[in-house]
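Me: Please go through the assignments in this structure, setting each value against its definition.

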Amino acid sequence: MFQPEFSLPLSTPLRFFRAAPCWLLLASLVALGLPPEAWQARFSPAMLALTHLLMLGFAGNIMLGALLQVCAVLTGVRAHPTSAIVLWLALQTGTGLLAWGLWHMQMIVLQLAALILLAALLGLTLWLLASLLLRSALQQHSPLLWPILGLLLLALSGGLLVSLLSTGQPALALNDLLRAHIVLGSTAWLSGLIIVVGFTVIPMFLVAPAWPRWLVQILPGLIFALAFASAIDARALYLLGLPVVLWYAGLLRVLHQSQRRADPTRALWAWGGINLLLPLMCVPWLEHGSAHWPAATPVLLAAYWLLAGVLPIITAMLAKIIPFLLWMDYRLEQPSGGRLRHMGQLFPERWLRRLSYGVFLMGIVLWPLSSTSFKAIPLMLMIYALALAYCLERSIRIRRQAS
């Protein structure tokens, strides 16, 4: 149940959201400077650093900010503002150190980054899991448990990878550990949280019927179970796309019944949803037939998943969540009347349409440009990062000027 009275102080989620475009801009600059041959090796130091700038710096900030806010308003589990600041600082510091350590393969820097990120993420996830399980015993099981558990395992597998690279321990196969880390991060954590957040924000902001109750209760646990199985045994990758197919069918049904037919976020959810699914369906064939694919295919597939799958959905979420948070903050200060009459004044729909055009374009031209003019992709990503930062900062300024 949505409980706006439990919302966090506005500065808490905004701090994470405002940091995200900065990391995206940095990642774009790094990608722009990479030579063409760097895109052939997915586990090269440069590609590993770039991946973590995108997944931890950009997506990580947005998803952790969303997780803290969603936990507060859906379950009543509220992070203390000081703890949230410590988490934010640890995430920025750990991401920067991790990217630097991977780029230069400096083990001492990698170990320091792993310690900071592990302390922050284990502390967060264990506290959230304990709080949610206690509430589940008293009230109702929360689907948020599953992506949080995915984040916990993601952090642990990342710590094991740093340990394996720097000390040779534990005695695990590097490729198996890398596969586990990627599957847990992309599916159990990131896709899992996107799906759970969508259960609330799509009906709420697109005036659509609620998702089927059985789907809400079963799907997050099923996705986590198959991601965990794929982390243990690569043969389970063949099944990993099935729950996402189920989710996408439900998504199309809910979007079709939405009463806000002209809202640009409908197309962003539909486009992003299918592109979360397609790369997942390709991964097992790539995993078991890598010798027959061009060397750059894994990097391109991951880039497509991020640019055409995750980015549209993140854009749709931010375009609704940010003005809603600003609007709630304004109404707490001024219960009626005032200069702001509706949320559209805080984040006009024309901004969202322009962001959408950029997102659609990046997904569509990624494969054609990959062999001819790959530098165009980071350039477009850079423009998107600047446009997103402008929209965020402009929304916040409009809210402040309305006081």
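**Assignments and their criteria**

Reply: The structure holds 9 salt bridges. The model is predicted, so local features need pLDDT of at least 70 and side-chain atom pairs count only at pLDDT 80 or more, while totals for chains, interfaces and linings use all residues. Residues are numbered from 1 along each chain as its sequence is written, and side-chain values use heavy atoms, with hydrogens and water left out.

Me: What makes the pair Arg-18 and Glu-393 a salt bridge?

Reply: A salt bridge requires a side-chain nitrogen of Lys or Arg within 4 Å of a carboxyl oxygen of Asp or Glu. The closest N and O atoms of Arg-18 and Glu-393 are 2.6 Å apart, so the pair is a salt bridge. This pair links distant parts of the chain, 375 residues apart: Arg-18 lies in helix H1 (residues 11–33) and Glu-393 in helix H12. Helices are DSSP runs (H or I, at least four residues), numbered from the N terminus.

Me: Why are H10 and H12 called roughly parallel?

Reply: Helix H10 (residues 297–333) and helix H12 (residues 376–401) pack at an angle of about 10°, with their axes 10 Å apart. Axes are lines fitted to C-alpha atoms over the stretch in contact, and angles run from 0 to 180 degrees between N-to-C directions. Angles under 35 degrees count as roughly parallel; therefore H10 and H12 are given that description.

Me: Which residues of H10 and H12 make the contact?

Reply: With contact meaning heavy atoms within 4.5 Å, the residues include Leu-307, Leu-311 and Tyr-330 of H10, and Ile-377, Tyr-384 and Arg-399 of H12.

Me: Which peptide bond is cis?

Reply: The bond from Gln-169 to Pro-170 has omega near 0° and is cis. Pro-170 is found in the loop between helix H5 (145–167) and helix H6 (174–205).

Me: What is the phi of Met-105?

Reply: Phi of Met-105 is near 50°, a positive value in a residue other than glycine. Met-105 is found in the loop between helix H3 (81–104) and helix H4 (107–138). Most residues other than glycine have a negative phi, and most peptide bonds are trans.

Definitions and conventions:
Helices (H or I, at least four residues) and strands (E, at least two) are DSSP runs, numbered from the N terminus. Angles under 35 degrees count as roughly parallel, over 145 as roughly antiparallel, 65 to 115 as roughly perpendicular and the rest as oblique.
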